[in-house]
Amino acid sequence: MGLHGVKAVFFDLDNTLVDTAAAGRRAIEEVISALQSKHHYGEGEARAICDKVQAKLLKECHDPAKMCITDLRISHWEEAIQETIGGEANRDLAAECYYLWKTTRLQHLTLAEDTRGMLTELRKRVRLLLLTNGDRQTQREKIEACACQPYFDAIVVGGEQKEEKPAPSIFHYCCNLLGVQPAECVMVGDSLDTDIQGGLNAGLKATVWLNKAMTTPVDTSPVPHYIISSVLDLPAVLQKMEHNFNAKLGTDHMAGSNE
């Protein structure tokens, strides 16, 4: 059990283990189609509404103490419809659009078969933890939808903690949960700002950036230890780390023998 020097791997959820962006695109197309066929909006108007909602989601600031995520997101749709069409606010239509978007997105969130296989094999050697930022309700619904719970020793949602990634505190909380040290953990994720910077802030052994497009970041900081184009490349990276660790052990042993 275990890899030399690595006892746990932390995985991000959205756009790392599951393709949330693709599921979101499917959901948006579903809403556009419904606005046209059922509510007789032109395609341009329907797309404008959805574009506005997506812009609001990107800028979203949510305080669960003040408003539940459902009310906030229905408001995004309500505002987008009013900004595009004008006239009276239409809360009913906004709610209909939100629930269609949400249910369609969840339906298309899947943990791919090859990813399941990779996690199953990896878990025979190290402990696995899912670490995701975001609202508690939203993230728990996604976790439920893609049925990823059986593959992890623990699941940590940022919205349930005092601080989210990239704060060191949430990474140290994860380490305590698994009974491991930061220097024994690897963080895998698609976000340089939260996953990679967070792993570096927390002093983890290594950070692995999932860069599907293999594009060079405009800003060179933070710098991940490893870059992969598919989460399925992770076992090879861990093997490389193992090889480097063993090579270093051999060098240290030789140095000790020569003293």
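The largest cavity in this predicted model has a volume of about 90 Å³. The count of cavities of 30 Å³ or more comes to one. The protein chain around it holds nine helices and six strands. Of its 259 residues, 44% are buried.

**The cavity**

- Rolling a probe the size of a water molecule over the atoms shows where empty space is left.
- The lining of the largest cavity includes Ile69, Arg73, Tyr98, Trp101 and Lys102.
- Arg105, Leu106, Gln137, Thr138, Glu141 and Lys142 also line the largest cavity.
- H3, H4 and H6 each supply at least two residues of this lining.
- H4 gives the largest share, with five residues.

**Overall build**

- Along its principal axes, the C-alpha trace of the protein chain spans about 85 × 35 × 35 Å.
- Take the contacts in the protein chain between residues at least 6 apart in sequence: 63% of them join residues at least 24 apart.

**The sheet**

- Six strands form an open sheet in the order S3-S2-S1-S4-S5-S6, with parallel pairing.
- S3 and strand S6 (226–228) stand at the edges. Each has a single partner strand, so one side of each is left without a neighbour in the sheet.
- From one strand to the next, the twist averages 20°.
- Helix H8 (residues 192–201) packs on the sheet and touches S4 and strand S5 (206–210). The direction of H8 makes about 170° with that of S5.
- Strands of a sheet pair through backbone hydrogen bonds, either parallel or antiparallel.
- S1 and strand S2 (residues 127–132) run parallel, joined by four bridges. Ala8 stands opposite Arg127 in S2.
- S1 also pairs with strand S4 (residues 185–189), in the parallel sense and over four bridges. Here the bridge partner of Phe11 is Val188 in S4.
- S2 and S3 pair over four bridges, again in the parallel sense. Leu131 stands opposite Val156 in S3.

**Strand S1 and Phe11**

- In a regular strand the side chains alternate between the two faces of the sheet.
- On S1, Ala8 and Phe10 point one way, while Val9 and Phe11 point the other way. All four residues are buried.
- Phe11 lies in strand S1. Its relative accessibility is 0%, under the 20% cut-off, so Phe11 counts as buried.
- Phe11 and Leu131 are 120 residues apart in sequence. In space they are 5.8 Å apart, C-alpha to C-alpha.

**Helix H1**

- H1 has 18 residues. From its first C-alpha to its last it reaches 26 Å, close to the 26 Å expected at 1.5 Å a residue.
- Buried residues of H1 include Thr20, Ala23, Gly24, Ala27 and Ile28. Val31, Ile32, Ala34 and Leu35 of H1 are buried too.
- The buried residues of H1 pack against four helices: helix H2 (43–58), helix H3 (69–85), helix H4 (91–107) and H6.

**Backbone features in the loops**

- Asn15 has a positive phi of about 65°, although it is not a glycine. Asn15 is found in the loop between strand S1 (8–11) and helix H1 (20–37).
- Is Asn15 buried or partly exposed? Its relative accessible area is 23%, so Asn15 falls between the 20% and 50% cut-offs and is partly exposed.
- Ala147 is not a glycine either, yet has a positive phi of about 50°. The place of Ala147 is in the loop between helix H6 (136–146) and S3.
- Ala147 counts as partly exposed, because its relative accessibility is 32%.
- The peptide bond from Lys165 to Pro166 is cis, with omega near 15°. Pro166 sits in the loop between strand S3 (154–157) and helix H7 (168–178).

Technical notes: Residues numbered from 1 in each chain as written. Predicted model: local features only at pLDDT ≥ 70, side-chain atom pairs only at ≥ 80, totals over all residues. Heavy atoms only, no water. Buried < 20%, exposed > 50% of the residue type's maximum accessible area, 1.4 Å probe, protein only. Expected span 1.5 Å × (residues − 1). Contact = heavy atoms within 4.5 Å. Pairing = 2+ DSSP bridges. Axes fitted to C-alpha atoms, helices over the stretch in contact; angles between N-to-C directions. 1 Å grid on protein atoms, 1.4 Å probe; cavity = no way out; pocket = protein on both sides within 12 Å on 5 of 7 lines; lining within 4 Å. Points joined across faces, edges and corners; volume = space filled by probe spheres on them.
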